[in-house]
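Please take a moment to look at the model on the screen before I discuss it.

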Amino acid sequence: MPKGFVMRFFGQGGLIVLFFFTPPALLPISTNADPITEHFPEAASSGCLKCHSGIELIREPGSEMLRQIMERGKALGDPAGCVVCHGGDAKVTTDKAAAHGGTFYPAPASPWVNEHTCGKCHEEQVRVQWNSLMMTEAGKIQGTCWAFGPLEGYEHRWANYAAKNPEDPSLRRGTTAYRDYMALLKKSEPNVFVDKHDPLPEALKADELHRLHDDPSQAAFTYIRQECQRCHHAVKGRQARGDYRGIGCASCHTPYSNEGFYEGGDPTISRDEPGHMLVHSIQGTREAKVKVHGTSYTGIPVETCTTCHDRGKRIGVSYQGLMESPYPSPFTADGGDQPPLHTKHYVAMHQDIHYQKGMLCQDCHTSLDVHGDGFLAAANLAAVEIECSDCHGTPDKYPWELPLGFMDEFSMNVAQGAGRGVAFEALPSAAYGSTPPIRDGFLLTARGNPFENVVRDGEEVIVHTAAGKDLRLQPLKKLFEEKRVSLQGSVAMRGVSRHINRLECYTCHTSWAPQCYGCHVKIDFTQKGVAPEGKLSLQAFDWVAAGRKHEETAHRNDRGEKGYDTVIPGTVREERSYTRWEDPILGINGEGRVSPLVPGCQTSVTVIGADGKPVIANKIYRTQANSEGAGAEGQLSIDMSPTQPHTMTKNARSCESCHASAKAVGLGVGSTRPWNERHFVDLETVTGKILPNRTRPQMEPIEGLDHDWSQIVDEDGKQLATVGHHFKLSRAFNATEINHIRRDGTCAACHREIPDKSLAVSFLHHVAEATGQLPKSAEDHGNLIHKILLTTAWAQLIALAVVVGAIVLAWRRFSPFRKSRSR
């Protein structure tokens, strides 16, 4: 329909000319049934609903949050409440530009404006957002710099934006006990619990690419900005299947489907353009009910978290039971490839038992874990305040009987002290959701804050989940008292009590972990007009620059980064050597406990200069001199990262998978030839001479890598790669620990005498064979070993008793002292 049109009617009165002017920016006027006016009839007078009629309520009817929004809206002249978050002028009905003029926030949750929106009610969360790890991403930056040599070393100097701690330590969110605990951690790990971050340096510009020849490590900043930092809260991030999300608070608190389409009732939002929220509602607590096509849910779905947590340690997709695969199989129903999710393909794996029970990420991870406590913590382990034992306890102590810091020691000594007890008051942040029945008190986290959804009920624990479940669990001590623990579990946790004091629970209870060995990164700066065959200048999007562009007044209100010109020279490509998922390597984490390890940044770097020629190829950088168990040359900067894989299972990995595995102790999977050799594959003689002259290497060497990616230590305990780079204690096992753990050759210890190497053994073996008593199953074999152990132990004890008895009798009979007394 044209912007203005004329209709002519001929009747008895002659020609009647009617001019119709329709406000083009407000078309179409909605005729949808409106959820807002259904519950708040007075909202019909709001100008917003002249176009947006049919849009979903931001919170469910009857909620306290919605009540406050509607009251504030009425006070601001908008009975529909829209201006409370979005600003604008609700009195305007005929001009979109005027309605959305003045102070208008199309993305009110954006951190660049949310002090005026979300922060009006959620002041504390907005205050701490710029110091949260989800904003600074300092650990990710330091980890990437680590792979490019001594750019930062052990410092966590840089973040996406400049940040610093408040001067007043009482501004740290949490209890007094928590603040005291964190002060101690800061003293022990000052490189992680820093006072400030400097802004991440700029990437090289087109006229600076010549500097790569002097210092190729400068390519790291291009890598970081293009690939690593697209997930921080100050940008909306990559718009691809599985990655659609909001910005700022909306990153977590508004629902986006993996396909990114709007499926609500607002007629002004496109149904065909991806990148929109699923429905216009806030998700968060157990009380915040979101309705989608008649189905209601509460809490923040795991898939919201995996829009970011699908890379690096991949804990989000692992929790869901998804293992990244290079293969697009199985094919779809129409014969196509498996659709990319987060730009990757997946294999369906075992899902974490907590996921199977219906637990969301927020049911374990507290508000402080996620929003931050207002002070800088530059690595995941530093920011997370929870441990498995906080709910499950140990075989000998209930959670409330454990001291603060248990399993969170950041020390090689086990935490000691009085039992932590329980709390009867939640933190103020819990006021935004309802408090569950406190019963016998809130459990406390390892760092001393109340678990606001987990309570003690006698000798049991109740977890009130955000999705609406009330999960009752029996702590380990109760299970042991009631003899409900398997033989294997009893042996592992009580028979070998050192496991409880030295291992993380997930060291044994991890069912699998994603292991991508060898990260081959190529950063290509080929530029048109410089490279002989350069038809295009390679460039890609800079996510940190995009975030900083939001800081400009003209862009603070932008919904996202669409149309931004924040591109920088270079493109990044990542490949791998091979992948595994079974039985991850073990080592020591920053807390001083044995933990699974997965490849972190095992980076082999290739940099292509502006002229299209390699500046470096397949280079592994080294750490600073005399670090990570190396000498003056430094250690290879290929890192194995201690991690909680988030693939927990009730049934732990077998004893043999650790104690009879070279891989488990860090000695590698074996089978690969040295990676520092050039390999040719062509017609050759049996002596290895390649016959054709026109041939080329199949695999180029990676200098310095004379062992496999999976090997981090040698038989003598010499570390061959880095193990974590955030905390002081993280490392590979030393020689003493390796020898203590390994039980290789245990089978040969018995079978070297079977069947006929020893007369006694041969006799018993042939008797068992003749009578059909040879073990036919693992259970039979275990029972036999158990019988042999008991028989041997009792035989030695009886023999010892006989010897001691004989000595005593002999002494009594022949002692001169005894004879003198008898006279």
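This is a predicted model: local features need pLDDT of at least 70, side-chain atom pairs count only at pLDDT 80 or more; totals for chains, interfaces and linings use all residues.

The axes of helix 8, residues 138-146, and helix 10, residues 219-228, come within 10 Å and cross at roughly 135°. The crossing of helix 8 past helix 10 is right-handed.

Which residues make the contact? From helix 8 they are Lys-140, Ile-141, Thr-144 and Cys-145, and from helix 10 they are Phe-221, Tyr-223, Ile-224 and Cys-228. Of these contact residues, six are nonpolar, one is polar and one is charged.

Is helix 8 largely enclosed or largely open? Helix 8 is largely enclosed by the rest of the structure, because eight of its nine residues are buried. Among the buried ones are Ile-141, Thr-144 and Cys-145, each of which also takes part in the contact with helix 10.

I turn now to Cys-252, which is found in helix 11, residues 250-253. Setting aside neighbours within four places in sequence, Cys-252 is in contact with His-233, Gln-283, Ile-300 and Thr-304. Its C-alpha atom is separated by 22 Å from that of Arg-225, a residue 27 places away along the chain.

Next, some details of the backbone. As a general rule, most residues other than glycine have a negative phi, and most peptide bonds are trans. With that in mind, please find the bond from Ser-329 to Pro-330, which is cis, with omega near -5°. Pro-330 lies in the loop between strand 8 and strand 9.

The loop between strand 20 and strand 21 holds Asn-626 and also Glu-628. Phi is positive in both, near 60° for Asn-626 and near 55° for Glu-628. Which of them is buried, and which exposed? Asn-626 counts as exposed because its relative accessibility is 61%, whereas Glu-628, at 12%, counts as buried.

Finally, the protein as a whole. It has 29 helices and 22 strands, and buried residues make up 47% of its 823 residues. The C-alpha atoms fill a box of roughly 150 × 80 × 60 Å along the principal axes. The accessible surface comes to about 41300 Å², with 57% belonging to carbon and sulfur atoms.

Terms used. Residues are numbered from 1 along each chain as its sequence is written. Side-chain values use heavy atoms; hydrogens and water are left out. Axes are lines fitted to C-alpha atoms, for helices over the stretch in contact, and angles run from 0 to 180 degrees between N-to-C directions. Helices (H or I, at least four residues) and strands (E, at least two) are DSSP runs, numbered from the N terminus. A crossing is left-handed if the near helix is turned anticlockwise from the far one by less than a right angle, and right-handed if clockwise. Contact means heavy atoms within 4.5 Å. Ala, Val, Leu, Ile, Met, Phe, Trp, Tyr, Cys and Pro count as nonpolar, Asp, Glu, Lys and Arg as charged, and the others, Gly among them, as polar. Buried means under 20% relative accessible area, exposed over 50%, partly exposed in between (1.4 Å probe, protein chains only). Accessible areas come from the Shrake-Rupley method with a 1.4 Å probe; for residues, only the protein chains shown count as cover.
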